[in-house]
Amino acid sequence: MVQKSGYECKECGFTVPAEPDDHFYVTNDCGERIPCEAHREHEVIAQVLGIGEEALCACSWNPLARDVPVDLLEERIGYESQCICFHCFAVFGLDLRRDMRICPSCGSQEVKTRLETEGLPCPRCKEGRIGHPSARDGSVGAHG
């Protein structure tokens with residue numbers, strides 16, 4: 001298994017973790033977000049919504065298929081991006097289309113997705129910049 005690396009500040013070592021991953025989710029009848037594992041999205045969504053996986057797959061490829069109401073899919077399926085609070089450094093998931101960018105730990109609006117952090121000033125030391133750890137010369141975004 002390939003180990004992922006997050007972004008880090010070369011000055012102070014502050015790290016934006018690579019895990020957990022961004023992922024699709026489906027909400028159950030109680031509104032709880034159920035994460036969908038990569039390559040098993042159709043299976044999990046069909047199980048949680050109580051519909052046949054075949055009908056779900058047909059709907060995905062054929063927008064005219066009426067076995068599964070498209071409104072139900074739009075309402076119950078989302079994509080959660082992993083975010084970090086630049087105020088308290090909490091890591092949490094948000095659906096950027098549905099959730100407000102507010103940290104659930106401290107209430108700050110200084111919330112960024114993992115990808116948005118690359119190249120920004122470090123929130124901890126304020127001297128370095130967040131970059132990929134494989135950057136050879138310390139420059140931001142130089143992937144080695």
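How many aromatic pairs does a search of the whole structure find?

Author: Happy to. This is a predicted model, so to speak of local features we need pLDDT of at least 70, and side-chain atom pairs count only at pLDDT 80 or more, while totals for chains, interfaces and linings use all residues. Residues are numbered from 1 along each chain as its sequence is written, and side-chain values use heavy atoms, with hydrogens and water left out.

The search turns up 2 aromatic pairs. Rings of Phe, Tyr and Trp (its six-membered ring) pair if their centres lie within 6.5 Å; planes under 30 degrees apart are stacked, over 60 edge-to-face, and the rest tilted.

Take F14 and F89: their pair is tilted, with 5.1 Å centre to centre and 55° between the planes. F14 sits in the loop between β1 (7-9) and β2 (15-16), and F89 in the loop between β5 (77-85) and β6 (91-94), so the pair ties together parts 75 residues apart in sequence. Strands here are DSSP runs (E, at least two residues), numbered from the N terminus. F14 is buried at 6% relative accessibility, whereas F89, at 30%, is partly exposed. Buried means under 20% relative accessible area, exposed over 50%, and partly exposed in between (1.4 Å probe, protein chains only).

Then there's F24 with Y79, an edge-to-face pair: 5.0 Å centre to centre, 70° between the planes. F24 belongs to strand β3 (residues 23-27) and Y79 to strand β5, so this pair links parts 55 residues apart in sequence. F24 is partly exposed, at 38% relative accessible area, and Y79 is partly exposed too, at 36%.

How values were computed. Helix = DSSP H or I, 4+ residues; strand = E, 2+ residues; numbered from the N terminus.
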